[in-house]
Amino acid sequence: MMRRFDRLFEHSTRSLAQRTSRRSLLASLGQVLTGAALLPLLPIDRASRAHAASDSPASPESCDYWKYCAIDGFLCSCCGGTSSSCPPGTAASPIFWIGTCHNAADGRDYIVSYNDCCGKSGCSACDCNRNEGEKPIYRPSRNNDLNWCMANANVNYHCTVSVILGVAEK
Ligand code: ABN
């Protein structure tokens with residue numbers, strides 16, 4: 001049995017050697033090696049993976065959260081409050097800056113107010129500066145780089161909340 005196997009192997013190796021020159025063997029080997037070296041350079045579809053990552057909605061502690069599209073300040077959700085309520089010991093400013101943010105979850109645009117929470121020194125956590133639709137400071141009604149605590153008894157700025165006022169009409 002082993003003999004027959006040996007003879008078969010010998011025969012096929014000899015016939016391959018007869019049909020193949022050393023030069024063509026080296027050429028094929030070169031092709032294989034070049035192909036292997038170029039494999040990592042081929043374009044890989046990383047875009048679809050990036051898209052999958054961006055599909056997961058951001059949390060209210062993240063500056064990417066949809067409601068923060070026009071915010072400038074420390075996120076109260078990182079400072080002992082929530083995205084829409086001031087931390088204990090602070091008071092919401094009665095005056096505020098307004099933005100219009102798109103909520104990808106339901107495809108609607110919402111009017112959002114950005115109220116500052118006042119009465120304590122700056123929280124300094126989760127600084128978030130997105131400014132969608134903001135205009136220069138010489139147009140204060142369209143600028144969010146202001147301390148809206150200016151009308152409060154205690155004007156110390158602590159953090160900013162975002163409150164949904166309604167759906168924006170098209
Ligand atoms: N509206 C947030 C803020 C507070 C103080 C100074 C700049 C911006």
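Is N143 buried or exposed? N143 is buried, at 4% relative accessibility, where buried means under 20% relative accessible area, exposed over 50% and partly exposed in between (1.4 Å probe, protein chains only). This is a predicted model, in which local features need pLDDT of at least 70 and side-chain atom pairs count only at pLDDT 80 or more, while totals for chains, interfaces and linings use all residues. Residues are numbered from 1 along each chain as its sequence is written, and side-chain values use heavy atoms, with hydrogens and water left out.

**Overall make-up**

- The chain has 3 helices and 6 strands; helices (H or I, at least four residues) and strands (E, at least two) are DSSP runs, numbered from the N terminus.
- Read from the N terminus, the order of elements is α-α-α-β-β-β-β-β-β.
- Of the 170 residues in the chain, 26% are buried.
- Among contacts (heavy atoms within 4.5 Å) with a separation of 6 or more, 72% are between residues 24 or more positions apart.
- The chain has an accessible surface of about 11,600 Å², and carbon and sulfur atoms hold 59% of that surface; accessible areas come from the Shrake-Rupley method with a 1.4 Å probe, and for residues only the protein chains shown count as cover.

**Nonpolar cores**

- A nonpolar core is a set of buried Ala, Val, Leu, Ile, Met, Phe, Trp, Tyr and Cys residues joined through side-chain atoms within 4.5 Å.
- The largest such core has 14 residues, and Y68, I71, C101 and Y114 have the most contacts inside it.
- Two or more residues of this core come from each of β3 (97-103) and β4, and β4 gives the most, with 3 residues.
- Another core, of 10 residues, lies apart from this one and includes F74, C76, Y157 and C159.
- C101 is in contact with W66, K67, C69, A70, R108, D109, Y110, V112 and Y114, leaving aside neighbours within four places in sequence.
- In soluble globular proteins, nonpolar side chains tend to be buried together.

**The loop between β5 and β6**

- N143 is found in the loop between β5 and β6, and N144 is in the loop between β5 and β6 as well.
- Leaving aside neighbours within four places in sequence, N143 has contacts with W97, E134, K135, P136, I137 and W148.
- N144 is buried, at a relative accessible area of 3%.
- Beyond residues up to four places away in sequence, N144 touches A70, I71, D72, W97, N131 and E134.
- The side chains of N144 and N131 are joined by a polar contact of 2.9 Å; a polar contact is a pair of N or O atoms within 3.5 Å, and within protein one must be able to donate a hydrogen and the other to accept it, with residues adjacent in sequence counted only if both atoms are side-chain atoms.
- N131 also lies in the loop between β5 and β6 (157-167) and is partly exposed, at 23% relative accessibility.
- L146, in the loop between β5 and β6, is partly exposed at 26%.
- L146 touches D116, I137 and P140, not counting residues up to four places away in sequence.
- L146 and D116 are 30 residues apart along the chain, and 9.5 Å separates their C-alpha atoms.

**Positive phi values**

- Most residues other than glycine have a negative phi.
- Phi is positive in N131, near 65°, and positive in C126, near 50°.
- C126 sits in the loop between β4 (108-118) and β5 (127-129) and is partly exposed, with a relative accessible area of 31%.

**Exposed positions**

- P88 lies in the loop between β1 (72-74) and β2 (91-92) and is exposed, with a relative accessible area of 61%.
- Not counting residues up to four places away in sequence, P88 touches G80 and K120.
- P88 and K120 are 32 residues apart in sequence, and their C-alpha atoms are 10.0 Å apart in space.
- I98, in strand β3, is partly exposed at 40% relative accessible area.
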